[in-house]
Amino acid sequence: MSILFAYLLRFPITEVARSGQFPWLAVFIVTVVNVVFFRLFRTYSNILRLSSFVDVMHVFVALTLAFFCNEAISLLWPIIFGKQLISFSVLFIAYLVSFAVLASSRMMIKMMYDNFKQDKQSMLNTYIYGTTTGIDIAKSLRTEADNRFHIVGFVSDDPTVVGKVMMGVNVYPNDEELPEHFRHDRVAALIVSPAKAKTLKDSDLSDRVLKEGIKIFLAPEVSDDWDSSQRKPVVKEVQIEDLLGRDPIKINLQEIAAHLEGKRVLITGAAGSIGSEIMRQVAKFNPYQLILIDSAETPLHDIRLELKNKWSEIEAPTIVANVTNKPRMESIFAEYRPDYVFHAAAYKHVPMMEDNVSEAIQNNVQGTRILADLSVKYGVRRFVMVSTDKAVNPSNVMGCSKRICEIYVQALARKIQKDGSAPTQFITTRFGNVLGSNGSVIPLFRKQIAAGGPVTVTHPEIIRYFMTIPEACQLVLEAGSMGKSGEIYIFDMGQPVKIADLAKKMIQLSGRTDVKIEFTGLRHGEKLYEELLATRENTKPTSHDKIMIASVREYDYEDVREDIDVLVNCSYQFDSMATVAKMKDLVPEFKSLNSKYSVLDSQ
């Protein structure tokens, strides 16, 4: 068709009609040559509605090579056959027309598909924050059959692109006038490119966006949740965890792997939020065996199914047992002979332990002592205990019980270091609240918001440190690999978060406007501010910038052992006041807040 059109452009139709001849042979030869190059470059095989610049380039290269080949044939033809096959001008015009038609037809089909494949009335008017990877995101979204985002603009911090037009839409600056653009374009969604995820956390952009009732979505890094075959981003609605201003934590994977690969690893509290994530992290390092202990049957069964599904090659006995059952624990240690113990089993809810003091002592303190002693007896290489920031200057029973655990583990570590009676190294890790863990405020707030509220916050000024479950467990493994013995490691928890602000932002993220916040008053033993001792005066640095060593008072092992004997025996009398009084003797800095045990501090 292009050659015929070129002839009509090059020669008057009257001249062609008068001669009575048309170069059908030339048409045939040129067509055959073009088809050969189309076949070589497979220009016909791409899906037209998904055409891209690469496909157009394939057409250009194929046509260009075919043109040179045809021109070579046309030059040799007179030498061989004594007459001209086709003129250069006709061949060149046909080449240009072919490229224009093939390229424009692809673009036209693509544009028609993009414009008519979906009902834009049902799509969300969307801005993309970030232009570098934002362009790739926009292109990929346009090709999705179930795309629900209609891109109407870009937002950029780069002044060189602000005010320009990309993919047919405007690029707006990230400034105070941005909400006006949101309203003008009736924006319902903002997709944040991977390069801008940190900026979203560190700036007030999320507050401005949520204030306008706009949903925020995150596009992950190419290496994470993109379909590798089509480079399609799996855009996810932003969660509150994504908006907390924390930098990603990097750990020394090689160091951890060297310690855990091919080893027997025992995890207590393995069905809990921390213990189960430690299991997942350890499983990645190819341990010889995972021994998982928990007293909660159903959650442990769920962990068992997860292991069979994801790490079926790892031998992983799941044992329903209580860490306070010494004969049972000893039989487990004797049978499996673990190399590493990660002790995450504990009662952790502050108000519950204020009302159940004996259980706090028997489970947290006695359970830890049983496991620590058995670790020494059976030659465990490292014992890593998960503690809490509530152990620092404790104001409640739960925090004090964990501080007593720290004291015992540290005193035992110093004892065996001095007498060389065992190779076991004891490491304690201390960190704050974990986002999304069982019983934490975020799952509670989500349920309350889904139910229409109110969202209950104890005090307008209460603040907490937060860390995600994976990064907390990664730091536990890192500390477990670097520890010497008897050290208490504390983690850099970043900036504290006001719980009222957290609740407010979660309500905004939900899109609901009818949910209210209700302040209920501080609970028994609850502080307004948690402490981590993360100061230069009270900590020593380590090789990891997010992990410090706490400088704490040292205790004599024999004194601690006797005091804990008395404390445990007292707990079996179920006299809460007497038990708490003994706890205060052992931990003088334990001062009860908003609790009936406050009377003991004045005696």
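Among contacts (heavy atoms within 4.5 Å) in the protein chain between residues at least 6 apart in sequence, 76% link residues at least 24 apart. The model is predicted: local features need pLDDT of at least 70, side-chain atom pairs count only at pLDDT 80 or more, and totals for chains, interfaces and linings use all residues. Residues are numbered from 1 along each chain as its sequence is written, and side-chain values use heavy atoms, with hydrogens and water left out.

The protein chain holds 603 residues, of which 50% are buried. Buried means under 20% relative accessible area, exposed over 50%, and partly exposed in between, with a 1.4 Å probe and protein chains only.

The chain contains 23 helices and 24 strands. These are DSSP runs numbered from the N terminus: helices (H or I) have at least four residues, strands (E) at least two. Seven strands build an open sheet with mixed pairing, in the order S3-S4-S2-S1-S5-S6-S9. Strand S3 (165-166) and strand S9 (236-237) are its edges, each pairing on one side only. Two strands pair if DSSP finds at least two bridges between them. Strands of a sheet pair through backbone hydrogen bonds, either parallel or antiparallel.

Strand S2 (residues 149-156) pairs with strand S1 (residues 124-129) in the parallel sense, over six bridges. Here Tyr129 has Val155 of S2 as its bridge partner. S2 also pairs with strand S4 (residues 169-173), again in the parallel sense, over four bridges. Gly153 lies opposite Asn170 in S4. S2 is mostly covered, with seven of its eight residues buried.

Confidence is given as pLDDT, the predictor's value for each residue from 0 to 100. The chain has a mean pLDDT of 84, and 88% of its residues reach 70 or more. Helix H15 (residues 326-336) has the highest confidence, at a mean of 97, and strand S7 (residues 226-227) the lowest, at 47. Over residues 223-231, pLDDT stays under 50; the model has 16 contacts beyond four places in sequence for this stretch. Where pLDDT is low, the predicted coordinates should not be read in detail.
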